[in-house]
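The report below is meant for someone meeting this structure for the first time. Please look over the sequence and the model before reading on.

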Amino acid sequence: MKLFKFAQSRSLWMMHFCTGCGAVELPPTMTSRFDMERFGIIPMATPRQSDLLLITGYLTVKTLKRVVRAYEQMPTPRYVIGFGSCTINGGMYWDSYNVIKKLELYIPVDLYINGCMPRPEAIIDAFLKLREMIDKGEANAWKKYIENYEWYKKNQAEVFDVEKWSLKK
Amino acid sequence: MTVEETIKKDIETTFGELVRVEIERKHRVRAYTPRNMVLPMLAYLKQRGFHQFTLLTCVDWIKDGKFELVYNLYSLNYNVHVLISTKINRDKATMPTAINVYEMAFDYEREIHEMFGVEFEGHPRLDEFLLEDWKGIPPMRKDFDTRKYVEEKYGMKDLTKELFTRKEQPYRGPGSNG
Ligand code: SF4
């Protein structure tokens, strides 16, 4: 088990869902200046091959639907990092009519990065923290989604039409 | 005579009493037009050289019970904007579509329909555009209560309460720990 966790936490494949302005901090994080590849984290193109979903910023209702679909396609164990204050409480969009406020009502979040927008140092810091959490077996938010599936679906149904959006017909 | 004055005079000689034309400033002419004269006006200005349909926007004059639609045209030759503004009734707002004159109006009209609820008669596709699964009144209307909507829909009751009852902490500059 320990070996599994070690392996998992040191080769995280990340899908970054670049929804908000904070996404501009990712290119420096990925490339040579901050170079997240030295921690075994690489950007991945599809949700089906990634372990980590990085939500960078505000989500409109329209985008949230896509995020939920992407999240449900990811294989377990899967981790979510909410990036920027917009994912915590709406940030500067706290009274916007079409932006969701608390990401954790709709999908479970392991870790938040505070700030508007967080610098690459903060992102690297969060990756290291996530690695630590996986090693200790604390990053279990994906289990919450399976156990409380109904609750998450109920919350999602409050903002969009879950039936119409689901893949099963 | 400047270009703006020539355009003003041309519009006035063509449409006479029906429209009131003002030169707002350099490069900008505004024509207050009744609802039924908007399409003839657009057609006239298009053959007069205003080939670019820059913008269609809407203003909600809730106290007068009116929507003001503003059609914004531009001509590269004259370097002049012409704004055609017209007032329509606010409840059951309808307007004939302008896509037969300017195709560009297609998406603008969809947007205005979604954000203000104006029906564009003859428009082939007035369905969901920017918002999805929207229930409730269109969000850009003045009688739409954003904060109430947000509190109910996104579970923000506690947070907004906290934000508005918290005592103001004076900012004492960086490094002062609050
Ligand atoms: S937290 Fe700030 S930088 Fe990030 S998406 Fe929101 S407004 Fe943009």
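## A threonine in strand S5 of chain B

B:Thr86 is found in strand S5 of chain B, which covers residues 80–89; helices (H or I, at least four residues) and strands (E, at least two) are DSSP runs, numbered from the N terminus. The model is a predicted one, in which local features need pLDDT of at least 70 and side-chain atom pairs count only at pLDDT 80 or more, while totals for chains, interfaces and linings use all residues. Residues are numbered from 1 along each chain as its sequence is written, chains are lettered from A and ligands numbered from 1 in the order in which they are written, and side-chain values use heavy atoms, with hydrogens and water left out.

With a relative accessible area of 1%, B:Thr86 is buried, a word that stands for under 20% relative accessible area, whereas exposed stands for over 50% and partly exposed for what lies in between (1.4 Å probe, protein chains only). Not counting residues up to four places away in sequence, B:Thr86 touches B:Thr33, B:Pro34, B:Arg35, B:Val38, B:Phe67, B:Glu68, B:Leu69, B:Tyr71 and B:Met95, where contact means heavy atoms within 4.5 Å. The side chain of B:Thr86 also reaches the backbone oxygen of B:Thr33 at 3.0 Å; a polar contact is a pair of N or O atoms within 3.5 Å, and within protein one must be able to donate a hydrogen and the other to accept it, with residues adjacent in sequence counting only if both atoms are side-chain atoms. B:Asn36 lies 50 residues from B:Thr86 along the chain, and their C-alpha atoms are separated by 9.2 Å.

## Strand pairing in chain B

Strands of a sheet pair through backbone hydrogen bonds, either parallel or antiparallel. Here two strands are said to pair if DSSP finds at least two bridges between them. Strand S2 (residues 28–32) of chain B is joined by five bridges to strand S1 (residues 20–25) of chain B, and the two run antiparallel; B:Ile23 stands opposite B:Val29 in S2(B). The hairpin of S1(B) and S2(B) has two residues between the strands, and in this hairpin B:His27 takes a positive phi near 70 degrees. S2(B) also pairs with S5(B), in the parallel sense and over five bridges, with B:Ile84 in S5(B) as the bridge partner of B:Ala31.

B:Glu4 belongs to helix H1 (residues 3–15) of chain B, and its side chain reaches the backbone nitrogen of B:His27 at 2.7 Å. Although B:Glu4 is buried, it has no salt bridge, and the nearest side chain of opposite charge, that of B:Lys26, is 6.4 Å away. A salt bridge is a side-chain nitrogen of Lys or Arg within 4 Å of a carboxyl oxygen of Asp or Glu, and in assigning charge Lys and Arg count as positive and Asp and Glu as negative, while His and the chain ends are not counted. Not counting residues up to four places away in sequence, B:Glu4 touches B:Ile23, B:Lys26, B:His27, B:Arg28, B:Val29 and B:Val80.

## Salt bridges

Over all chains, the structure holds 18 salt bridges. One of them joins B:Glu24 to B:Arg30, with the closest N and O atoms 3.5 Å apart; B:Glu24 is partly exposed at a relative accessible area of 34%, whereas B:Arg30 counts as buried at 14%. B:Arg30 also meets B:Glu68 in a salt bridge (3.4 Å, N to O). This pair links distant parts of the chain, 38 residues apart, with B:Glu68 in strand S4 (residues 66–75) and B:Arg30 in strand S2 of chain B. B:Glu68 is buried, with a relative accessible area of 6%.

Chain B has five helices and seven strands, and of its 178 residues 42% count as buried.

In chain A, five strands form an open sheet in the order S2-S1-S3-S4-S5, with parallel pairing. Strand S2 (42–43) and strand S5 (111–113) of chain A stand at the edges, each with a single partner strand, so one side of each is left without a neighbour in the sheet. Strand S1 (residues 13–17) of chain A runs parallel to S2(A) and is joined to it by two bridges, and A:Pro43 in S2(A) is the bridge partner of A:Met14.
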